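Dear colleague,

Please find below the structure that I am handing over to you. I would be grateful if you could look through it alongside the notes that follow.

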Amino acid sequence: MSENLLGIFFLLDIVAFLAAVFMHLVKRSRSLVRLYALQSFAVSMTFFLLGFLGDDRSLMIVASILFFVKVLVAPVFFGKILHKLSGSSSSSNYLNTPLTLLVLTGLVLFAYSKVFLPLSALYPQAFVSVALNIALVLISIFLLINRRGVFAQMVGMLSLENSIILFAAFFGLRHPLPLEIGMIFDIVIWMVIASFFLGMIYRQFGTLSTEDMKRLTE
Amino acid sequence: MLLAYLIATPFLAALFLVFLKPTQSRSIERAVQVAALVGAVLCANLLMTFESGSIQVVGKYLALDALSLLLTTIISSVGCVVAFYAIGYLRQEVKKQIIGPRRVKQFFILFELFLFAMLVAANAANPVLMWIAIEATTLSTAFLISFYNKPTATEAAWKYLIINSLGLLIGFLGTLLFLALPQGVIGGDIMTWADLRAAASEFHPVVVKVAFLFILVGYGTKVGLVPMHTWLPDAHGKAPSPISALLSGVLLNVALISVLRFKGLVDLSIGREFSSTLLMYFGLASIIVAALIIFTQRSYKRLLAYSSIEHMGVIALGIGLGGVGTLAALFHMLYHSLSKVLLFLASGNILLRFGSTKFENVSGVMKALPITGGLFLAGFLAISGLPPFGMFFSKFLILSAGAESHIGVMLIALIALAVAFYGFFRHVSPMLFGSLTEGVERGEASLSTLVPLCILMGTYIIISFFFPEPMLAMLHDAADMISSK
């Protein structure tokens, strides 16, 4: 891969990374959806560029499906759900904003530390990007842990999934088209099921806050 | 082609059920029974015709080797028994107006899809397909766990969905690292387990370690290894009993075998010490934590769930020790499947009669349900590894496999197993032999919820003393695969 190309992919990586960071800072669920759409846009563009430059039609098909599902359909779908579940438009973090930022910094430093240095063996030209991908994975996992809201947990999971497929794209991993479509199908079904559960949780608990879901411990 | 038909059977059954009306309960039951029997017969055929050491490739994406045959045998045989039990169990629930006919139809559609996903995962020739199928098991069972639409069940199902999906995504990251490893070595697209095994000796040693850690944490979450086990007692405790039985007795094995397939690659690449040590200590931690929590349990279904964590720990320990420990662990897997499914199904009968899963509300099972109680007691003795049950030999072999090299670990494991036994006994004894809870009727509910239990117990006893030759060859082959021979 040429230097210029690496630069473009690194830029898309940064967009996905910053979207994940801002997911920690926004409170409103709709803002989370917008950030997820932006992150998904960066992911689908990465796939599209890889397919276009490598003259790989199946990769371009995958990129188009990703764009359609994650950038166009998912935000509208989530918007409708949030509209239905009025009163659940925001959620907060367990840690306050300064502490959250501190943890995020720590996670980025950890991703760039010696611990993950061996992974650069897979792509020696671009350890910085590999580490950024690892940081994106860690930050997405932290989003799942740090948010009180069930909806935010769901977006955190989807952000983690975005970060992992970005990782795969970066290493140039190719799977046969049926498997790629199988993976996307799994994700779509996951979104639908998780959304259905949001409705069930809201009906049964009257809220989407994980704070109020403590029946199992009773 | 037999394998393809076997895998397609539950999928076609689910598809067929979609077109039936909920009121056609007899047709729904017949379809489930036919699918279960066809699956069992095809599986028996596969087992009889399997050639030792061979890999039968079916198309691009499926392959049958000894490990997948072991899993397929467990899924099809246990799945068949559970399907028959579930029919009787749900009839009782409909009779008691706990659920309606629409829920019965939904149950069996998801049940068949669950079996289909497990069969694909077991026989996937490609690690990515295996991941897709294991994720599909999570998706198909989430609604089964929240089946009763109660807040606790919904909470358990959400916890299950989030924790397992997180674990599986981490496992997927590990899978991708394994797939990225050979690119610089042999070039081209890596598709199958066989490709990966062929390239394993050239893998970068440190990256292999990082990748296996992701795999162990990721798929280990689905196995229920401590400390990633937190979803398991809630999900197994809240799901309908036939589903708890399949989750505990079958799905955990599917996830564990996934870990072991990657372990084989690690061992070929950097030797067996790294993966074996990790498995051994994760296994030991699972046994200790489960044993301590079993002691303080208040619900018999959760107790059985913790017992599953304990036994997954025993299997991981055996595989970690290697040698005869690996073979013993595979025997243990088989025995655990049969006895745990028996216990969960018996607990379903108890729940139907007593209406509670709490020990404080359930007493005198032997008086109310003498056959179920007797089978529960036999299942308890079997799963505790008392002689002459087969699990006694598998546990004994695992512990003796490490007696020389890891005497300290074996002693701790032995003490933890004794604590678990006592904890189990402490709860089960008053539940079975105490005075009958007031207002509870005596007498078994129906034959259809008893016969499957008897079949499981009978099978367990038979294979404790007489192990059929094709199954023995399959287990030896599978042990060799895990040991990378």
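The notes below concern a few helices of chain B and one serine.

Please bear in mind that this is a predicted model.

I begin with helix α20 of chain B, which covers residues 469–482. Its 14 residues reach 20 Å from the first C-alpha to the last, close to the 20 Å expected at 1.5 Å a residue. Among the buried residues of α20(B) are M471(B), M474(B), L475(B), D477(B) and A478(B). The elements that cover the buried residues of this helix include α2, α3, α8, α11, α13 and α14 of chain B. Just after α20(B), S484(B) adopts a positive phi of about 55 degrees.

One of those covering helices, α3 (66–95), also pairs with helix α4 (residues 101–123) of chain B: their axes come within 10 Å and cross at roughly 175 degrees. Because an angle over 145 degrees counts as roughly antiparallel, α3(B) is roughly antiparallel to α4(B). Residues of α3(B) that take part in the contact include L71(B), I75(B), G79(B) and V82(B), while those of α4(B) include F107(B), F111(B) and L115(B). By class, this contact has 16 nonpolar, 5 polar and no charged residues.

Finally, S140(B) lies in helix α5 (residues 127–145) of chain B. S140(B) counts as buried because its relative accessibility is 7%, and the cut-off is under 20%. The side chain of S140(B) reaches the backbone oxygen of T137(B) at 3.2 Å. Leaving aside residues up to four places away in sequence, S140(B) touches L110(B), L113(B) and F114(B).

With kind regards

Key. Residues are numbered from 1 along each chain as its sequence is written. Chains are lettered from A and ligands numbered from 1 in the order in which they are written. This is a predicted model: local features need pLDDT of at least 70, side-chain atom pairs count only at pLDDT 80 or more; totals for chains, interfaces and linings use all residues. Side-chain values use heavy atoms; hydrogens and water are left out. Helices (H or I, at least four residues) and strands (E, at least two) are DSSP runs, numbered from the N terminus. The expected span of a helix is 1.5 Å times one less than its number of residues. Buried means under 20% relative accessible area, exposed over 50%, partly exposed in between (1.4 Å probe, protein chains only). Contact means heavy atoms within 4.5 Å. Axes are lines fitted to C-alpha atoms, for helices over the stretch in contact, and angles run from 0 to 180 degrees between N-to-C directions. Angles under 35 degrees count as roughly parallel, over 145 as roughly antiparallel, 65 to 115 as roughly perpendicular and the rest as oblique. Ala, Val, Leu, Ile, Met, Phe, Trp, Tyr, Cys and Pro count as nonpolar, Asp, Glu, Lys and Arg as charged, and the others, Gly among them, as polar. A polar contact is a pair of N or O atoms within 3.5 Å; within protein, one must be able to donate a hydrogen and the other to accept it, and residues adjacent in sequence count only if both atoms are side-chain atoms.
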